[in-house]
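Have a look at the structure, and then we will walk through it piece by piece.

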Amino acid sequence: MKNVFLFVLSGEHKTLPIAELEAVLSLANDFDLLETKKNFAIYKTSRSGSRFLKILSRRLALTHSIHKFIGSCYWKDIEKFLNALPKFEMPYRVRVRLYENKEKTESLEKQIGGLVSEIIKRSGRKPVIKLEKPKTSLEFFITGNEVYCCSKILEIDKKPFADRRPRKKPFVKPVSMDPRIARVMVNLSRKDSGRILDPFCGTGGILIEAGIIGLKLFGVDRDEEMVKGCKRNLEFFNLKGEVREGDARNLEKSFGGNFFDGIVTDPPYGRLSSTKGSDTESLYNESMVSIERVLKPGSFLVMAVPTNINIKTKMKLIEIHRERINRSLERNIMVYRK
Ligand SMILES: C[S@@+](CC[C@H](N)C(=O)[O-])C[C@H]1O[C@@H](n2cnc3c(N)ncnc32)[C@H](O)[C@@H]1O
């Protein structure tokens with residue numbers, strides 16, 4: 001019997017949330033995407049255990065919640081659909097999310113809630129409603145004339161990411177990366193074990209996120225202060241890693257060829273971080289040559305790249321995600337496969 005899950009994605013970026021989810025689910029090998037709509041995605045899988053969902057929820061940065069998908073119908077058929085609802089545990093509540101005409105949310109919640117309660121009574125049970133922490137949260141996602149019904153399994157806790165914001169770390173610089181973006185980039189490398197390298201590691205924003213999900217950490221930075229600070233940050237989160245002073249254009253000298261299972265990085269991109277005098281495009285392209293040598297065949301490179309830089313590489317470009325850093329600066333998060 002297949003299980004079907006609905007994932008509610010963050011709306012703060014157009015392509016990254018679904019790309020992150022796809023990348024992480026690809027590690028499990030048996031999740032098939034059935035449908036994406038608005039900010040949710042529906043998958044079927046042969047997995048049933050909640051343990052796997054808990055692991056997922058600790059890993060994903062841009063997913064809000066995970067639900068058991070019950071079914072969908074047209075709005076005109078809602079009564080018929082509700083009549084066929086499988087029996088669920090009490091107490092329960094009904095929640096409606098309207099993607100259009102949001103002002104009607106409350107009245108639709110009452111309407112659907114009323115129908116559900118009638119159906120329960122007709123089946124001979126007594127409806128027990130609890131708005132806070134019910135056993136079953138029945139959720140209805142309504143878009144256009146379609147209704148998607150599910151029950152919430154878990155809400156993803158955002159606090160751990162908030163607790164790792166740059167200013168909560170002992171060593172901070174203006175270049176320090178937001179932990180959620182760092183986590184998404186790590187997730188796009190499609191690894192849950194093995195060696196990961198950040199050849200422009202700075203304060204360690206990417207390495208910390210990779211360490212928390214259990215990857216073996218390697219970092220390189222040309223700046224001695226960054227190397228020391230990065231080590232301090234890793235220690236602060238009880239993470240071990242090999243961080244050394246070096247040049248991202250000469251990685252094979254330190255590590256040899258085909259050494260890493262993934263490379264995730266955020267090289268200097270202009271005013272905020274130093275390129276130590278080198279022309280930014282040459283720095284990127286010279287580093288790409290070295291990165292390609294130390295990455296294992298089939299593995300992924302995930303790199304943030306300013307939009308005005310033209311990357312030349314033999315590696316295969318898999319995905320590009322445009323991201324706004326501030327009002328005047330945009331960059332691409334690029335995913336390559338060797
Ligand atoms: C944008 S910052 C990385 C920020 C990092 N993601 C963080 O969370 O702190 C880029 C880093 O690249 C380093 N860098 C510049 N040129 C380099 C080179 N040729 N090799 C290695 N590191 C270099 C800079 O010292 C800087 O720390």
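This is a predicted model: local features need pLDDT of at least 70, side-chain atom pairs count only at pLDDT 80 or more; totals for chains, interfaces and linings use all residues.

## Starting from one pair of residues

Let's begin with a single spot: Cys73 stands opposite Val147 in strand E7. The two strands here are E4 (residues 63-74) and E7 (residues 146-155), which pair in the antiparallel sense over nine bridges.

Is Arg122 buried or exposed? Arg122 counts as exposed because it has 9 C-beta neighbours inside 10 Å, and the cut-off for exposed is 12 or fewer. The C-alpha atoms of Arg122 and Asn83 are separated by 9.9 Å, while the two residues are 39 places apart along the chain.

## The whole protein

Now let's step back. The protein has 10 helices and 14 strands, and it is divided into domain 1 (4-155) and domain 2 (160-337). Its C-alpha atoms fill a box of roughly 75 × 40 × 35 Å along the principal axes. Of the 338 residues, 37% count as buried. Among the contacts with a separation of 6 or more, 68% are between residues 24 or more positions apart.

## A second sheet

There is another open sheet to explore, again formed by seven strands with mixed pairing, in the order E10-E9-E8-E11-E12-E14-E13. Strands E10 (241-245) and E13 (316-326) stand at the edges with a single partner strand each, so one side of each is left without a neighbour in the sheet. The twist here averages 15° from one strand to the next. Helix H7 (residues 205-212) packs on this sheet, where it touches strand E8 (195-198), strand E9 (216-221), E10 and E11. The direction of H7 makes about 175° with that of E9.

Strand E11 (residues 260-265) and E12 pair in the parallel sense over five bridges, and Thr265 stands opposite Met303 in E12. E13 and strand E14 (residues 329-337) pair in the antiparallel sense over nine bridges. Within that pair, Glu323 stands opposite Arg331 in E14, and a hairpin joins E13 to E14 through two residues.

How far apart are the C-alpha centres of domain 1 and domain 2? They lie 36 Å apart. The contact takes 11 residues from domain 1 and 11 residues from domain 2. On the domain 1 side, the largest share, six residues, comes from helix H1 (residues 16-26). The residues of that side divide into seven nonpolar, two polar and two charged.

H1 itself is mostly covered, with eight of its 11 residues buried. Among the buried residues of H1 are Leu16, Ala19, Glu20 and Val24.

## The core

Which residues have the most contacts inside the largest nonpolar core? They are Phe7, Met185, Ile206 and Val302, in a core of 80 residues. Strand E12 (residues 295-306) gives the largest share of this core, seven residues. Domain 1 (4-155) and domain 2 (160-337) both give residues to the core, so it lies between them.

To finish, find Val302. Leaving aside residues up to four places away in sequence, Val302 touches Met185, Leu188, Ser189, Val264, Ile333 and Val335.

Conventions. Residues are numbered from 1 along each chain as its sequence is written. A nonpolar core is a set of buried Ala, Val, Leu, Ile, Met, Phe, Trp, Tyr and Cys residues joined through C-beta atoms within 7 Å. A residue is buried if 20 or more other C-beta atoms lie within 10 Å of its own, exposed if 12 or fewer, and partly exposed in between; C-beta atoms are placed from the backbone. Helices (H or I, at least four residues) and strands (E, at least two) are DSSP runs, numbered from the N terminus. Domain bounds come from an automatic or database domain assignment. Two residues are in contact if their C-beta atoms, placed from the backbone, lie within 7 Å. Two strands pair if DSSP finds at least two bridges between them. Ala, Val, Leu, Ile, Met, Phe, Trp, Tyr, Cys and Pro count as nonpolar, Asp, Glu, Lys and Arg as charged, and the others, Gly among them, as polar. Axes are lines fitted to C-alpha atoms, for helices over the stretch in contact, and angles run from 0 to 180 degrees between N-to-C directions.
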